Amino acid sequence: MVTPDEIRAALAEIARKELRHEGPLPDGDLSALLDSMQRLALLVAVEDRFKVVIGPEHEQEIRTVDDLVNVVVRAANG
Amino acid sequence: MRIAGVGTALPPHAYDQAELIAAFKRVWGRRHHNTERVEALHRAVMVERRHLVLPMEDYATLQGMKATTDAFIEAGTLLAEKALRAALDAAGMAPREVDAIYLTTVTGVCSPSIDARLVNRMGMRADVKRIPIFGLGCVAGAAGVSRLFDYMRGWPEHAAALICLELCSLTLQKDDLSVANLVSSGLFGDGAAAVVGRGVRGGGPRVVATRSVFYPDTERVMGWEVQDSGFQVLLAPTIPDLVRANVPANVDDFLRDHGVKRSDIDLWVCHPGGPKILEAFQEALGLTRDDLAVTWDCLRAHGNLSSASVLFVLHETLRRKSPSPGARGLMMAMGPGFCAELVLLEW
């Protein structure tokens with residue numbers, strides 16, 4: 001069972017490694033922070049890290065980091 | 001210095017991006033459980049076709065530095081020779097007329113370097129000066145032209161050649177599932193290009209001036225992490241930000257020193273780094289997609305060929321545009337360091 005805190009910690013690491021983002025994860029709308037390639041890179045890394053597949057219908061739900069955490073929680077925990 | 005001739009060479013094995021994506025999905029399907037995402041990344045780089053130095057099926061068993069280096073030397077020598085011969089033909093020159101050769105690559109290491117093998121194969125003179133350059137990566141096409149320009153200032157009666165040889169496919173790390181490697185595997189292709197420069201003789205565009213720009217403390221933006229298995233790519237997603245933050249001032253400062261404005265540039269000879277980098281160039285410099293049309297076309301047709309790419313763009317620009325006398329061009333590339341190189345051209 002993966003917890004939201006574990007996912008947030010892993011996301012911070014992914015953001016640092018793949019997006020060169022230092023510091024706390026942002027609260028705002030991801031579309032204002034990431035271009036399409038960066039968003040794609042983030043999703044590739046997240047799927048690989050948690051061994052999940054985020055389908056197009058769930059991808060549409062992701063507007064903020066919290067949304068991403070929720071989608072990964074559902075996908076990882078079945 | 002005048003650019004008396006430009007030549008390009010592509011290896012014989014050409015594949016549509018769709019064929020390559022299908023092959024990558026087979027390889028990475030066993031490791032990365034969402035290969036649709038790999039496909040999305042490979043489509044996002046806007047490459048339609050790439051040439052590979054080996055038939056696609058040979059890469060499945062190609063492993064380790066010895067095998068890749070052997071392939072680099074064997075196929076790379078032939079490809080470099082083809083590019084140099086094409087440039088010499090364009091300049092109307094024979095190999096024995098070349099006084100100095102620069103060879104840039106970042107995709108293979110050998111000693112003697114490939115340029116030594118070219119001297120033997122092409123029957124160049126025994127007093128030819130050889131300057132192999134490793135490690136500049138994508139900037140080396142433009143930086144190589146700059147170094148040629150430096151050489152010709154000292155030896156204006158001479159002729160010097162630059163060869164950019166890049167076999168990016170040989171560096172593929174099949175076990176690396178980092179985003180940088182997934183992107184690179186969809187973006188980079190194989191090819192070679194050459195330029196022949198002459199001092200006092202010959203036609204072709206004149207190199208007016210060059211400018212190197214180094215960005216301090218950006219070593220982790222792009223490069224290789226050398227592993228036992230070969231070259232593992234380092235490619236930060238922050239390159240477009242670096243372009244936006246620096247390139248306009250770099251270009252304007254350089255041009256101003258030579259009495260030229262950005263609006264005076266008729267032809268933009270830009271290295272096709274990737275879609276996001278090209279969009280950043282356009283946005284930062286106030287250019288249209290049409291201004292970089294040749295660059296976009298080269299990206300689509302061949303992928304990013306590292307140092308050779310900007311010379312492919314130059315070659316295609318010369319072929320398509322027939323610039324009128326007095327037209328100005330700006331050649332631009334960026335690469336590991338992180339750094340940029342600017343070359344002001346005049347027809």
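A residue counts as exposed when its relative accessible area is over 50%. Lys51(A), at 54% relative accessibility, therefore counts as exposed. This is a predicted model. Chain A has five helices and zero strands, whereas chain B comes to 10 helices and 13 strands.

**Chain A: fold and size**
- The elements of chain A run α-α-α-α-α along the sequence.
- Its radius of gyration is 11 Å, close to the 12 Å that the globule rule gives for 78 residues, so chain A is as compact as a globular protein of that length.
- The C-alpha trace of chain A spans about 30 × 25 × 20 Å along its principal axes.
- In chain A, 42% of the 78 residues count as buried.
- Take the contacts in chain A between residues at least 6 apart in sequence: 51% of them join residues at least 24 apart.

**Chain A: surface, charge and confidence**
- The accessible surface of chain A is about 4300 Å², and carbon and sulfur atoms account for 52% of it.
- Chain A carries 9 positive and 15 negative side chains. The centres of these two sets lie 4 Å apart.
- Mean pLDDT for chain A is 86, and 100% of its residues score at least 70.
- Among the elements of chain A, helix α5 (residues 65-76) has the highest mean pLDDT, at 89. Helix α2 (residues 30-33) of chain A has the lowest, at 81.

**Chain B: fold and size**
- Along its principal axes, the C-alpha trace of chain B spans about 60 × 45 × 35 Å.
- Of the 347 residues in chain B, 61% count as buried.
- Among contacts in chain B between residues at least 6 apart in sequence, 79% link residues at least 24 apart.

**Chain B: surface and charge**
- Chain B exposes about 13200 Å², with 50% supplied by carbon and sulfur atoms.

**Cis peptide bonds**
- Most peptide bonds are trans.
- The bond joining Ser111(B) and Pro112(B) is cis, with omega about 0°.
- Pro112(B) sits in the loop between β4 (100-105) and α4 (114-122) of chain B.
- A cis bond also runs from Gly337(B) to Phe338(B), with omega near -5°.
- Phe338(B) belongs to the loop between β12 (328-335) and β13 (339-346) of chain B.

- Most residues other than glycine have a negative phi.
- Lys51(A) is not a glycine, yet its phi is positive, near 55°.
- The loop that holds Lys51(A) lies between α3 (36-50) and α4 (56-59) of chain A.
- Ser322(B) is not a glycine either, and its phi is positive at about 40°.
- Ser322(B) lies in the loop between α10 (309-321) and β12 of chain B.
- At 58% relative accessibility, Ser322(B) counts as exposed.

Terms used. Residues numbered from 1 in each chain as written. Chains lettered and ligands numbered in written order. Predicted model: local features only at pLDDT ≥ 70, side-chain atom pairs only at ≥ 80, totals over all residues. Heavy atoms only, no water. Helix = DSSP H or I, 4+ residues; strand = E, 2+ residues; numbered from the N terminus. Rg over C-alpha atoms; globule rule 2.2 N^0.38 Å. Buried < 20%, exposed > 50% of the residue type's maximum accessible area, 1.4 Å probe, protein only. Contact = heavy atoms within 4.5 Å. Areas by Shrake-Rupley, 256 points an atom, 1.4 Å probe, with all protein chains shown as cover. Lys, Arg positive; Asp, Glu negative; His and termini not counted. Charge placed at Lys NZ, Arg CZ, Asp CG, Glu CD. pLDDT = per-residue confidence, 0-100.
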